[in-house]
Amino acid sequence: MNTTELPSEEDDLLLAEYALGVLEQPEREALQARLDAQLQLRLRLEQWHEHLAPMLQDFPAHTPPEYVWARLRQSLGQDITARRHAAPEPTTGFWDSLQVWRWGTFGGLAAALVMAVMLVVTSPVDGPVDAPASMLSTSLQLENGEIFYTATVDADRRSLVVIPAADFQLDGRQAELWLIAGDNPPQSLGLLPADGAVRLPIPDDLRALANANSVFAVSLEPQGGSPTGLPTGPVVAQGVLADI
Amino acid sequence: MTGQMDDLQDPQGIGALLLATGKQDQQAFEQLYRLTSARLFGICKRMLVQSSDAEDALQEVFLTVWRKASQYDAERGKPLTWLGTIARTRCIDRLRTGAVERHTDPVDLDALAEPEKLDPVEFASDQQRLDNCLSNLQNQQRSVIRTAFFDGCTYQDLAARTGVPLGTMKSWIRRGLMSLKACLEQ
C-alpha cells in the first residue's frame, strides 16, 4: 500500500469518473477493490466528491413517506440486536437498555399500537389474592421486553396505581402515561414519577375507555408533560390492559 | 426541509448530530433523519425513477449512515457532502446492479440554456466556484456532466440518450472533468 504519493493522472481521472458516477459496474468494482486497499486513493476520492458536492444542492428536496422511518427503525432494531449478539457487551443498566429502545417519535402511536397488541401481557404475581375480578392490570414493557412500569386500574375505574419497575434516569424528561382505546387519539392520564409509585385519577370521560384490551403507553416528554396534549416524545413502553 | 438551501455550511448542526450518531446515539440519529431525510430522499427520487426504489434506497442510505457515522471525519469534509455522497453512491449501486428503472429519456444538447457568467469577485461559496468552473466548459460537456450527476448515468447511457458516439461522450466528460480539476484546484 502506497500512502505517500499522489495518484497518477490516470488514476485521478478514474476517481473523478467514479465520483461522477459514469463508470460501468465492472470498472466500479475494480476501483472499489483498490480503494479498500489504498488510503491515498480514498482521500483523493473524497476531494473529488467535495468538488462535485455543490451540485447536491440542486436536487430538489422531497419529504419521504412516514413509513420509511418506521421501516428503518425496525431494521435498525435488528441491526442493534445483531451487533449485540456479535459483540457481547458488559451487562448494562436499566437506562442503557431503555436507551436502545428510545426510538419512536416518528413511528408514533400507530406503530406502538401494532406492537402493543402483539405484546404478551404479564400480570403481576403479587396482586391481591382477593381482588375483584374487574380490576385491570398491565406491565408496560420496553420493546426489548423489560418491564418499565406496572399499572393497575381499580375495580371502580376511578383511579390507577403505577409503579416503576426499577430506578432509572430520564435524562431531563418526564414519563407520561397515555390511554389508547380503539381508534380514539391517546388520552393523557398524567405524569409518572421516576422514583416511586403514583396513584392517578381517571377522568370521568375516560372511565368507559379503561377496559380490557385498551392500551397504556408511556412517552418521554419535556418537563411538565406534553405541551400539545398528544405524545410528542418517543413512545418507549406499552402494555395491553387485561382483567386480573 | 424547504427549498433551496445554501447549507453546506451546516447551520443546523448536522455535523454534531453525525458525530453523535457515530457514538450510536439514537436520538441524534433520529434528529439527523428529521433534518436530512428530505434532502437525501430528493436525491434518491431524482436518480431512481420509481418511488418504491427511492424509498428502499433511502432506507439503505440511513442504515449505512448509522453503521458508518463513526467514520465521518469533520476535518476532511462537510457533513451534507458526506451524507449526499452516500445517497448518490447507494443509488448508483442500485442502478448498476439492481433491476431498477433508469432514466432513458433523450437529452437534447441544444436545448440547454447558456450558463450565467459569474463575477469572479463573488465566488464566496463552493457552489459559485463550481458553477463558474462549469460555465467555462463547452455547453455539451457541462450538460452531460450535470446529467450524469443528477440521473446517475453511465457513459453508455449518456451516449444512448444523446445519440453521441460512446468514444466522443467519454472524451467530452474526461476533458470536462480535467478542466474542472484545473479550475477548482488552481
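Predicted model: local features only at pLDDT ≥ 70, side-chain atom pairs only at ≥ 80, totals over all residues.
Residues are numbered from 1 along each chain as its sequence is written, and chains are lettered from A in the order in which they are written. Local features need pLDDT of at least 70 and side-chain atom pairs count only at pLDDT 80 or more, while totals for chains, interfaces and linings use all residues; side-chain values use heavy atoms, leaving out hydrogens and water.

Let's start with chain A, which holds seven helices and nine strands (DSSP runs: H or I of at least four residues, E of at least two). Of its 244 residues, 48% are buried, meaning under 20% relative accessible area with a 1.4 Å probe, protein chains only.

Now to Ser75(A), found in helix α4 (residues 66-86) of chain A. Ser75(A) counts as buried because its relative accessibility is 15%. Its side chain takes part in these pairings (polar contacts are N or O atoms within 3.5 Å, within protein one able to donate a hydrogen and the other to accept it; residues adjacent in sequence count only if both atoms are side-chain atoms):

| Partner of Ser75(A) | Distance |
|---|---|
| Gln59(B), side chain | 3.2 Å |

Key
Buried < 20%, exposed > 50% of the residue type's maximum accessible area, 1.4 Å probe, protein only.
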